[in-house]
Amino acid sequence: MEAPRQLQFGFVGLGNMGSQMAHNLSLYARKQQFPRIMLWNRTRSKIEHMEKESHCDVSDSLAELAGRCHVVHTCLANDAVALDIYRQLCSNAKKGTIFADHSTLYPDTSDELQALSKEHSMHFLSCPVFGPPAAAKSAQLLVTLSGDSEGRDLVKSYIVPTLGKSALDCGEATRKAALLKILGNNCILGTIELLSESFTLAEKTGFEVDLFYEFIQQWFPAAAWVNYGKKIRDGTFSGATGFTIPGGMKDAAFIRRLGAETSTPTPIIDQAWNHLTTAKALGGESLDWSACAAGMRVTAGLPAFKGEDFSLSVKVNGAEKLGKQNGEHVNNGH
Ligand SMILES: NC(=O)c1ccc[n+]([C@@H]2O[C@H](COP(=O)([O-])OP(=O)(O)OC[C@H]3O[C@@H](n4cnc5c(N)ncnc54)[C@H](OP(=O)(O)O)[C@@H]3O)[C@@H](O)[C@H]2O)c1
């Protein structure tokens with residue numbers, strides 16, 4: 001596909017990940033002397049500051065953004081949201097528009113979005129990413145891509161180093177990148193579950209967790225081990241700059257669904273699911289998914305949280321238990 005000389009980019013869904021990626025895309029657009037990129041987010045107030053900091057304008061409506069852009073990147077919370085947003089985008093975009101979606105979606109949903117885009121003579125690429133918001137900010141993501149080659153060739157021409165440090169081309173079949181993302185998340189959540197168990201065991205045996213963490217750093221120097229190991233060692237589970245429990249449970253549900261559909265047991269993720277459920281009940285939806293460790297700790301008779309106390313007030317038989325509510329500290333119970 002021959003790219004128009006003045007590519008107009010759009011970005012839809014500016015949460016923890018999307019806001020960082022959109023900022024980097026805007027820097028690329030500025031460098032190329034392309035127009036300011038157009039942004040749309042459900043909660044407009046969260047992104048208004050970006051107009052001052054980045055080469056971008058906040059769009060008044062999704063329809064306006066769709067109608068003016070050649071390439072629209074999206075990063076949305078879940079499948080239902082993506083389907084809703086794409087119905088609106090496809091009804092308003094120009095023929096030939098390229099969509100690059102960075103959300104983690106079930107492969108069937110990516111296929112559905114591709115079919116919807118094709119119906120409107122548009123191109124849909126599944127481009128899920130590996131890496132937390134900090135990696136999105138420093139453009140150190142691993143970006144996967146699948147979809148028709150016309151769209152892929154254009155997006156591949158700038159995605160590295162604009163959004164990521166590397167790209168993995170999964171080919172024509174749209175669902176493949178979505179599937180790879182789920183298989184990769186099986187490894188990541190499995191690592192969080194194993195780290196949760198290992199740090200709990202270390203603490204129960206009286207072993208110094210700092211020394212154990214040093215071992216992790218030396219023997220497993222991969223980002224997931226080192227970064228999640230640190231959060232679990234310190235009990236730092238704020239989801240504000242990470243991946244929240246509902247997002248993690250969405251991905252765990254994808255893994256379990258793939259397992260059910262292919263008759264493949266997923267015992268590690270089943271266990272992680274239980275620990276995430278406990279962590280959510282104890283600390284709430286805004287915790288990072290590494291709070292899986294809090295669920296594990298409880299099963300071993302340890303307090304759920306060490307360091308900061310994230311525990312919520314829980315009403316049992318009308319009586320208020322100790323903890324925090326709505327972020328306000330009531331009583332830490334210690
Ligand atoms: N965080 C990570 O570490 C990470 C890493 C890799 C991939 N991912 C994937 O990237 C995607 C985004 O993750 P995130 O961490 O950035 O999540 P997030 O911070 O919760 O952002 C979600 C985005 O979806 C929008 N949204 C939610 N409900 C909506 C609705 N009903 N209608 C329209 N927009 C809606 C939100 O808009 P508002 O601002 O209005 O709420 C926000 O822009 C997810 O699919 C996730 O699985 C996340």
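Helices (H or I, at least four residues) and strands (E, at least two) are DSSP runs, numbered from the N terminus. The model is predicted: local features need pLDDT of at least 70, side-chain atom pairs count only at pLDDT 80 or more, and totals for chains, interfaces and linings use all residues. Numbering starts from 1 along each chain as its sequence is written.

**View 1. Helix α10 and its packing.** Helix α10 spans residues 223–234 and has 12 residues. From first C-alpha to last, α10 reaches 17 Å, close to the 16 Å expected at 1.5 Å a residue. That expected span is 1.5 Å times one less than the number of residues in the helix. Ala224, Tyr228, Gly229, Lys231, Ile232 and Arg233 are buried in α10. A residue is buried if 20 or more other C-beta atoms lie within 10 Å of its own, exposed if 12 or fewer, and partly exposed in between, with C-beta atoms placed from the backbone. The packing partners of these buried residues are α8 (175–204), α9 (209–219) and α13 (292–299). Just after α10, glycine 235 takes a positive phi of about 70 degrees.

**View 2. Glycine 229 in helix α10.** Glycine 229 lies in helix α10. Why does glycine 229 count as buried? Because 24 other C-beta atoms lie within 10 Å of glycine 229. Leaving aside neighbours within four places in sequence, glycine 229 is in contact with Leu195, Tyr213 and Ile216. Two residues are in contact if their C-beta atoms, placed from the backbone, lie within 7 Å. Alanine 29 is 200 residues apart from glycine 229 along the chain, and their C-alpha atoms are separated by 37 Å.

View 3. The domain assignment gives domain 1 (9–172) and domain 2 (179–331). Such bounds come from an automatic or database domain assignment. The domain centres, taken over C-alpha atoms, are separated by 29 Å. Domain 1 gives 12 residues to the contact, and domain 2 gives 11 residues. On the side of domain 1 that touches domain 2, eight residues are nonpolar, four are polar and none is charged. Here Ala, Val, Leu, Ile, Met, Phe, Trp, Tyr, Cys and Pro count as nonpolar, Asp, Glu, Lys and Arg as charged, and the others, Gly among them, as polar.

**View 4. The shell around the ligand.** There are 23 residues around the ligand. Gly15, Arg42, Thr43, Thr104 and Phe243 come nearest. A residue is near a molecule or strand if its C-beta atom, placed from the backbone, lies within 6 Å of it. By class, the shell has 11 nonpolar, 10 polar and two charged residues. Domain 1 and domain 2 each supply at least three residues to this shell.

View 5. UniProt (unreviewed entry) annotates residues 8–157 as "domain: 6-phosphogluconate dehydrogenase NADP-binding". UniProt positions are given in the numbering used here, feature names are shortened, and annotations may be inferred rather than shown by experiment. The span 8–157 is 44% helix and 21% strand, and its end C-alpha atoms lie 15 Å apart. UniProt (unreviewed entry) also places the feature "active site" at Lys181. Lysine 181 is found in helix α8. Lysine 181 is buried because 26 other C-beta atoms lie within 10 Å. Not counting residues up to four places away in sequence, lysine 181 touches Thr104, Pro128 and Thr144.

**View 6. Backbone exceptions.** Most residues other than glycine have a negative phi, and most peptide bonds are trans. Glutamine 33 is not a glycine, yet has a positive phi of about 60 degrees. The loop between α1 (18–31) and β2 (37–40) holds glutamine 33. Is glutamine 33 buried or exposed? Glutamine 33 is exposed, with 8 other C-beta atoms within 10 Å. Alanine 139, also not a glycine, has a positive phi of about 55 degrees. Alanine 139 sits in the loop between α6 (133–137) and β8 (141–147). With 22 other C-beta atoms within 10 Å, alanine 139 is buried. The peptide bond from valine 160 to proline 161 is cis, with omega near 10 degrees. Proline 161 belongs to helix α7 (residues 149–162).

**View 7. Asparagine 24 in helix α1.** Asparagine 24 is found in helix α1. Asparagine 24 counts as partly exposed, with 19 C-beta neighbours inside 10 Å. Not counting residues up to four places away in sequence, asparagine 24 touches Ala139, Thr162 and Leu163.
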